[in-house]
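Here are my notes for someone opening this entry for the first time.

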Amino acid sequence: MKRSLALGLCVSLLAMPVMATEKDTLKARQDRLSNELEESKKAQAETDAELEITEAERDAVKTEIHVVDDRLNELSEQIAIQQHEVDTARAELESTRQQLSVQEEYLESQKELVNERLRVLQVHEDTSYLQVIFESRSFGDFVTRAMTARTIAEQDRELIHNYMSEMERLESLESTQRTQLSFIKQKERELVITKQDLDRTAEKKRDLLVELNEQVEQLELEKMTRSEEQAVMAEQNRIINEQLEAIATAEREAAEAAERAKREAEARAAEERAQAEARESEVEEAPEVTAPTEAPTNVSTSTGFVRPVSGYVSSPFGPRDNPLTGVPEIHKGIDLVNASGTPIVSSAPGVVIKAAPATGYGNVVFVSHVINGEIWTTVYAHLNAITVGAGQQVAAGQTVGTLGNTGWSTGPHLHFELHRGKWAPGQPNAIDPAPYIGY
């Protein structure tokens with residue numbers, strides 16, 4: 001009985017330093033995780049502010065484009081009106097020119113007759129009355145002839161005057177119409193130039209809008225990614241808290257067991273001393289306490305990982321060109337190719353910290369492991385389906401989902417990551433998983 005009590009006390013005392021070491025490791029991890037979570041939140045706040053500014057700038061550019069478009073529509077209408085006025089003015093000018101041509105043709109046809117009458121009037125103007133008198137056969141005939149001659153002369157003068165006046169009017173009208181047509185065409189050219197300038201401005205605004213839309217999309221993606229990162233870190237923090245609580249409970253139980261063993265040992269020793277004193281001369285050898293040859297531990301001694309899925313490696317860990325963008329990058333995992341729907345298993349026992357769609361990863365499962373007091377994290381991405389939930393305990397080899405082609409993927413495969421420590425933004429703890437799973 002003494003031997004078993006002493007052995008239990010030794011085991012408890014030996015287990016407590018092991019738990020204390022694991023607790024210190026977890027607390028250090030938790031502190032770093034909390035700091036990184038705060039940094040991520042600060043970065044997200046900056047991203048949110050930048051996104052707000054960019055969205056406001058984009059909205060302002062949209063408003064400017066609407067204003068420019070309205071002005072362009074207005075100019076298009078004005079240009080159409082000017083074009084109609086140009087066509088009308090050109091038609092009126094052409095009509096005037098045709099009238100001038102008709103007048104000129106008519107005047108040309110009457111030119112000989114008018115010239116002859118002009119010569120007669122010029123030569124015979126002074127003798128016309130004598131001629132009328134001598135040729136008259138009577139006074140009545142004289143009066144008639146004189147009145148006729150005067151009437152003819154006046155008609156000739158009026159005819160010539162009317163011709164000249166009409167020609168002057170038409171020529172003046174033609175000049176005015178030419179000036180008006182030139183003015184309208186100049187105004188039309190100015191409107192066209194203004195519209196061309198606005199077209200270029202509108203094109204620049206639209207290019208700027210495209211650029212701002214891309215910035216907004218990138219910032220929204222960054223915001224979404226940071227939110228997902230924070231969710232993963234918060235879940236890791238929660239699991240570490242549970243592990244710390246479990247360790248604290250184990251420490252309390254170990255301390256209580258040690259205290260009970262100590263009290264029982266002291267009581268047994270007092271009883272033995274009383275018996276010894278009663279027997280007086282009888283001497284009893286104190287029981288020997290033998291230290292255990294091997295102390296049990298609550299931490300696994302194995303650091304091996306099982307292969308999450310069979311298949312060939314299509315893209316190893318390390319530098320490569322991104323298959324979607326062609327941009328050089330560091331591949332933070334390995335890609336294992338197999339048929340779509342093939343079961344994917346957990347590489348080690350642990351706790352699921354995320355099981356949901358995520359930017360880039362598609363359907364993804366994160367599992368946190370504690371092996372020999374050290375935290376590890378595995379990531380299973382591009383899954384076709386997820387069969388576990390966040391917070392669920394999983395065993396090594398337990399199915400967590402099925403192989404698929406979701407997220408940023410070019411074909412059915414498993415993107416598998418191994419992190420020595422917790423998963424963090426940028427995957428700074430990622431290591432090549434191939435040696436750990438037998439590739």
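This is a predicted model: local features need pLDDT of at least 70, side-chain atom pairs count only at pLDDT 80 or more; totals for chains, interfaces and linings use all residues.

1. Start with strand E7, residues 362-371. Nine of its ten residues are buried, so this strand is mostly covered, given that buried means under 20% relative accessible area. E7 has a partner on the E6 side and another on the E8 side: seven bridges join E7 to strand E6 (residues 350-358), and eight bridges join E7 to strand E8 (residues 374-386). Both pairings run antiparallel.

2. The turns are worth a click. E6 and E7 make a hairpin with three residues between them, and glycine 360 in that turn has a positive phi of about 85°. Alanine 358 stands opposite glycine 362 of E7. The hairpin of E7 and E8 has two residues between its strands, and here asparagine 372 takes a positive phi near 55°.

3. Which residues have the most contacts inside the largest nonpolar core? They are Phe305, Ile344, Val365, Tyr380 and Leu414, in a core of 22 residues. Strand E4 (334-337), E7, E8, strand E10 (399-403) and strand E11 (414-420) are the elements that give two or more residues to it. There is also a second, separate core of eleven residues, including Ile353, Ala358, Val364 and Trp423.

4. Leaving aside neighbours within four places in sequence, phenylalanine 305 is in contact with Ser347, Ala348, Ile371, Trp376, Thr378, Leu418, Tyr436 and Ile437. Ring pairs also link Phe305, Trp376 and Tyr436 into a cluster.

5. Now the rings. The structure holds six aromatic pairs. One of them joins phenylalanine 305 and tyrosine 436, edge-to-face, at 6.2 Å centre to centre with 80° between the planes. Phenylalanine 305 lies in the loop between helix H4 (139-279) and strand E1 (312-315), while tyrosine 436 is in the segment after strand E12 (430-431), so the pair ties together parts 131 residues apart in sequence. Tyrosine 436 is partly exposed, at a relative accessible area of 28%.

6. Another ring to check is that of tyrosine 439. The charged end of arginine 307 sits over this ring, 3.9 Å from its centre.

7. Is glycine 350 buried or exposed? Glycine 350, found in strand E6, is buried, with a relative accessible area of 9%. Not counting residues up to four places away in sequence, glycine 350 touches Val367, Ser368, His369, Gln392, Gln393 and Val394. Its C-alpha atom is separated by 9.6 Å from that of glycine 391, which is 41 residues apart from it along the chain.

8. Last, histidine 331, which sits in strand E3 (residues 328-331). Histidine 331 is buried, with a relative accessible area of 3%. What does its side chain reach at 2.9 Å? That would be the backbone oxygen of proline 316. The side chain of histidine 331 also makes a polar contact with the side chain of serine 315, at 3.3 Å. Beyond residues up to four places away in sequence, histidine 331 touches Ser315, Pro316, Phe317, Gly318, Arg320 and His415.

Technical notes:
Residues are numbered from 1 along each chain as its sequence is written. Side-chain values use heavy atoms; hydrogens and water are left out. Rings of Phe, Tyr and Trp (its six-membered ring) pair if their centres lie within 6.5 Å; planes under 30 degrees apart count as stacked, over 60 as edge-to-face and the rest as tilted. Helices (H or I, at least four residues) and strands (E, at least two) are DSSP runs, numbered from the N terminus. Buried means under 20% relative accessible area, exposed over 50%, partly exposed in between (1.4 Å probe, protein chains only). A charge sits over a ring if NZ of Lys or CZ of Arg is within 6 Å of the ring centre and within 35 degrees of the ring normal. Two strands pair if DSSP finds at least two bridges between them. A nonpolar core is a set of buried Ala, Val, Leu, Ile, Met, Phe, Trp, Tyr and Cys residues joined through side-chain atoms within 4.5 Å. Contact means heavy atoms within 4.5 Å. A polar contact is a pair of N or O atoms within 3.5 Å; within protein, one must be able to donate a hydrogen and the other to accept it, and residues adjacent in sequence count only if both atoms are side-chain atoms.
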